[in-house]
Amino acid sequence: MEKVYWLDQIKLQDRAKIGDKAFYLSRIVQRGYSVVPGFVISAEVLRQFLETINSSESLAADLPDSSLHLDVTNWRQLQLVAGRLRQEIMAATVPPHWVSKVVTAAREWQSKYLILRPSVSVSNAGQWVRSTPGLMESIFCGCDEDAIALALKRTWSQLFRAKSLLYWQRLGIDLQQINLAVLVQPIQNAIASGSLNVDSSGWTIEATWGLGMALTRGEVLPDMYYIQQETGIVLERHLGNKLLAYRLDDGTEKSDPSILQSVLTYEDTTLVAHLVTEDQQKQYALTEQDLQRLIALGNQLVSELGKTFTVKWTISDAEPVSHLQITEVSTPPLAIPNLHLIKGLGAATGRVTATAYVINSLEKPENIPQGVVLVVPAIAPDWLSLMHQVVAIVTAQGGLTSHAAILARELSIPAVVSAKDATTLIQTGEKLLVDGDRGEVYRLRESKTSNGENQVVNSTIPAFSSYHPVNQATLPMIATQLLVNLSQPSLIERSQNLPVDGVGLLRSELMLLNILEGRHPSTWVLEGRRADLLELWSQQIMQFVRAFTPRLVFYRSLDWRFHEFPSLSHTSASTTHSILGDRGTFSYVNNPAVFELELAALATVQKAGYSNLRLLLPFVRNVSEFTFCRHKVEQAGLTQVSQFQLWIMAEVPSVLFLLPEYVKAGVAGISIGTNDLTQLLLGVDREQGQLTKIFDERHPAVMGAIAQLIQMANKAGIPCSICGQAPALYPEIIDQLVEWGITSISVEPEAVERTHQAIARAEQRLLLAAARRKINS
């Protein structure tokens with residue numbers, strides 16, 4: 001490493017060496033704008049570092065001279081290669097004289113902490129890649145040799161994540177073409193941080209307390225300001241929900257009760273998060289003076305950057321006057337002028353190109369055109385009948401376990417959720433490319449050809465289907481049962497040929513929507529049509545039980561949450577619109593008529609000669625509710641079939657304390673519902689996409705609860721299944737589930753193959769570890 005590149009000295013010919021993020025920031029610095037100072041460790045340094053890994057068995061050592069051709073459709077190979085590359089990089093030593101040079105440069109700022117920002121450019125690709133959202137994050141560290149060396153390796157290793165390798169290969173870009181530089185800047189505490197977004201539709205400013213990490217991670221709802229671009233007048237302002245803020249660790253966190261240790265990442269110990277005071281929560285993060293300073297800055301930058309750009313900013317708390325500084329500048333890609341990107345969360349795999357159909361209301365429409373991409377604020381479960389018409393879903397709200405995400409995964413159609421402003425930016429009739437893997441929506445604008453005709457600008461990303469038949473002959477044998485989650489009869493034919501041991505979750509409320517004709521079951525009973533509904537209900541269940549016999553079908557009884565089924569007319573006086581509400585077995589106790597009808601439908605299926613049916617009771621709060629339901633089950637005659645079993649969903653946290661009592665009362669097995677268990681343990685509504693960083697089934701509290709439930713079930717001698725979204729979203733936890741002794745895992749059809757492979761690997765590792773222990777004993 002010969003030198004570092006200071007932002008105020010970077011030249012045009014340095015662009016490929018220092019990456020686009022650093023390059024555009026340097027242009028602003030050199031035009032006199034207030035920017036956080038910094039220097040760049042060039043992309044060439046990474047290549048030199050890889051060459052220092054001189055082991056004969058090293059993959060990383062060959063990277064400077066290799067394109068690393070991977071079969072990115074081979075999930076196992078991709079994970080193994082990515083893991084090995086990152087491991088080799090983290091285990092290697094950064095030459096001490098390099099680190100010394102960086103430390104010497106950084107100490108000019110007299111800052112205790114630094115931030116390392118990845119800065120990427122792509123050579124000979126016919127386009128500039130200026131933004132790689134979600135692929136690489138900034139790394140924080142202390143200003144000392146050991147911390148900087150570790151932070152550099154962490155930054156470089158992000159290029160070799162599985163999702164990064166997948167991203168570049170699908171774009172047709174070799175690793176040799178990627179220039180990854182590192183922008184190093186000092187960091188100090190901030191009064192407020194945020195972004196200024198400028199485009200032709202108007203200006204928006206987002207602001208939150210403290211450093212910008214809470215905004216980046218989606219842990220707060222920022223203050224929003226809408227600015228008229230011609231006059232700079234503030235048209236609207238909305239106070240956000242800013243419960244926490246980040247600051248640098250000054251060593252007082254152990255004695256400060258407002259510190260939230262649980263929201264920190266496992267590696268970034270430089271930052272601490274703290275609760276914002278109630279008074280601050282009621283205040284805007286920007287003073288009127290700072291707001292006007294930002295608007296004036298935007299007006300100045302328009303002449304430099306054009307009419308579309310985003311600036312990230314921070315207001316330092318340096319005395320005596322707060323200091324507004326730019327931390328990042330980004331402008332839209334130039335390679336495909338008619339291609340515009342909206343970023344969200346990838347909720348269901350697959351890519352599809354189709355016409356947009358935008359709905360700006362939460363009310364269920366009467367119909368939707370066939371073959372469109374549905375763009376909507378959010379989706380309730382009672383929209384299910386319409387979902388068969390669409391080829392992809394884009395929602396402005398919601399997280400990875402939202403109803404839109406779950407329905408899309410079951411129907412095997414691509415989905416992107418939490419795509420901010422999607423319903424505002426996208427117009428009905430636009431051509432969209434929806435990428436459910438990367439959480440991206442491309443607006444493929446039409447352009448004029450030389451003969452005046454319209455044509456669609458195609459993306460460089462190839463489209464592919466989210467479903468393909470599974471070749472069972474190539475799959476290894478597994479001992480852990482693998483089951484499938486279903487609700488739609490239309491998916492039976494495809495799903496019954498999957499390598500599964502049965503249906504682990506038959507969602508009754510979604511299944512029933514196909515026959516209810518928009519009316520609540522209570523209305524059918526009150527109108528004297530009980531017998532009609534009983535026949536239809538039995539037929540629906542029979543389709544699944546017949547198709548999968550002799551494999552088990554776990555039928556979950558109705559779990560109505562009325563605010564999620566607004567289109568169902570009903571006459572129940574006890575309906576509620578709360579998140580929890582009159583749901584689960586509590587509703588059976590209050591109004592047993594519908595539950596008795598449901599049990600009669602199950603008994604009809606049994607009388608038809610099927611003994612592979614099991615019943616799952618949802619959202620059981622206490623033992624008395626279960627005992628009430630068990631008596632109703634016995635009265636319906638279901639227990640006269642010796643193979644019948646009555647299970648409960650383990651999703652209300654009280655089950656962690658009551659499971660032995662449930663077993664004594666007759667519970668034959670449990671199925672862990674990670675969606676409800678997570679939101680109840682963490683106090684986070686799973687429908688809120690902006691809180692997706694907090695709603696994480698891998699949280700230690702959730703994983704601890706799952707481990708405890710499995711261990712308690714094993715001790716009680718009953719089976720334990722898991723049927724929430726966690727195993728499908730995070731296959732890495734399957735190792736722990738298998739090691740803890742999970743009986744079965746149930747996932748959506750699209751996740752069956754990769755879950756099967758993950759279970760096989762986990763079992764093989766356990767067998768290998770046992771064999772090694774036996775040899776060494």
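Biologist: In which sense do strand β10 and β11 pair, parallel or antiparallel?
Modeller: Strands here are DSSP runs of E with at least two residues, and helices are runs of H or I with at least four, both numbered from the N terminus. Two strands pair if DSSP finds at least two bridges between them. β10 (residues 244–248) and β11 share 5 bridges, and their sense is antiparallel.

Biologist: What kind of model is this?
Modeller: Residues are numbered from 1 along each chain as its sequence is written, and side-chain values use heavy atoms, with hydrogens and water left out. Local features need pLDDT of at least 70, side-chain atom pairs count only at pLDDT 80 or more, totals for chains, interfaces and linings use all residues, and the model is predicted.

Biologist: Which residue stands opposite V272 in β11?
Modeller: β11 covers residues 271–275. Buried means under 20% relative accessible area, exposed over 50%, and partly exposed in between, with a 1.4 Å probe and protein chains only. By that rule 4 of the 5 residues of β11 are buried. Opposite V272 stands R247.

Biologist: How much of the protein chain is buried?
Modeller: The chain has 25 helices and 31 strands. Out of its 777 residues, the buried share is 56%.

Biologist: What share of the contacts with a separation of 6 or more joins residues 24 or more positions apart?
Modeller: Contact means heavy atoms within 4.5 Å. Among contacts with a separation of 6 or more, residues 24 or more positions apart account for 68%.

Biologist: Which strands stand at the edges of the sheet of 6 strands?
Modeller: The sheet is open, with antiparallel pairing and the order β9-β8-β7-β6-β12-β13. From one strand to the next, the twist averages 20°. An edge strand has a single partner, so one side of it is left without a neighbour in the sheet. The edge strands are β9 (234–238) and β13.

Biologist: Which residue of β9 stands opposite I227?
Modeller: Strand β8 (residues 223–227) runs antiparallel to β9, and 4 bridges join the two. The residue opposite I227 is V234.

Biologist: Is D223 buried or exposed?
Modeller: D223 is found in strand β8. Leaving out residues up to four places away in sequence, its contacts include I205, H238, G240 and Y284. D223 and G240 are 17 residues apart in sequence, yet their C-alpha atoms are 4.2 Å apart. With a relative accessible area of 0%, D223 is buried.

Biologist: Why does T327 count as buried?
Modeller: T327 lies in strand β13 (residues 323–330). Beyond its neighbours within four places in sequence, T327 is in contact with L25, V36, R117, Q185, K312, W313 and T314. T327 counts as buried because its relative accessibility is 11%.

Biologist: Which strands are the edges of the open sheet of 5 strands?
Modeller: Its order is β1-β2-β5-β3-β4, and the pairing is antiparallel. Inside it, 9 bridges join β3 (residues 113–122) to β5 (residues 178–186). Pairing on one side only marks the edge strands, β1 (5–6) and β4 (139–142).

Biologist: At what angle does helix α1 run to β3?
Modeller: Helix α1 (residues 15–29) lies across β1, β2 (39–41), β3 and β5. Axes are lines fitted to C-alpha atoms, for helices over the stretch in contact, and angles run from 0 to 180 degrees between N-to-C directions. The angle of α1 to β3 is about 115°.

Biologist: Which residue of β18 is the bridge partner of V376?
Modeller: β17 (residues 372–376) and β18 pair in the parallel sense over 5 bridges. In β18 (residues 390–395), 5 of the 6 residues are buried. The bridge partner of V376 is T395.

Biologist: How many charged residues are in the contact of α20 with α22?
Modeller: Helix α20 (residues 655–665) and helix α22 (residues 700–716) pack at about 15°, with axes 10 Å apart. The contact includes L656 and L659 of α20 and L709 and M712 of α22. Ala, Val, Leu, Ile, Met, Phe, Trp, Tyr, Cys and Pro count as nonpolar, Asp, Glu, Lys and Arg as charged, and the others, Gly among them, as polar. The contact has 10 nonpolar residues, 1 polar, and as for charged residues, none.
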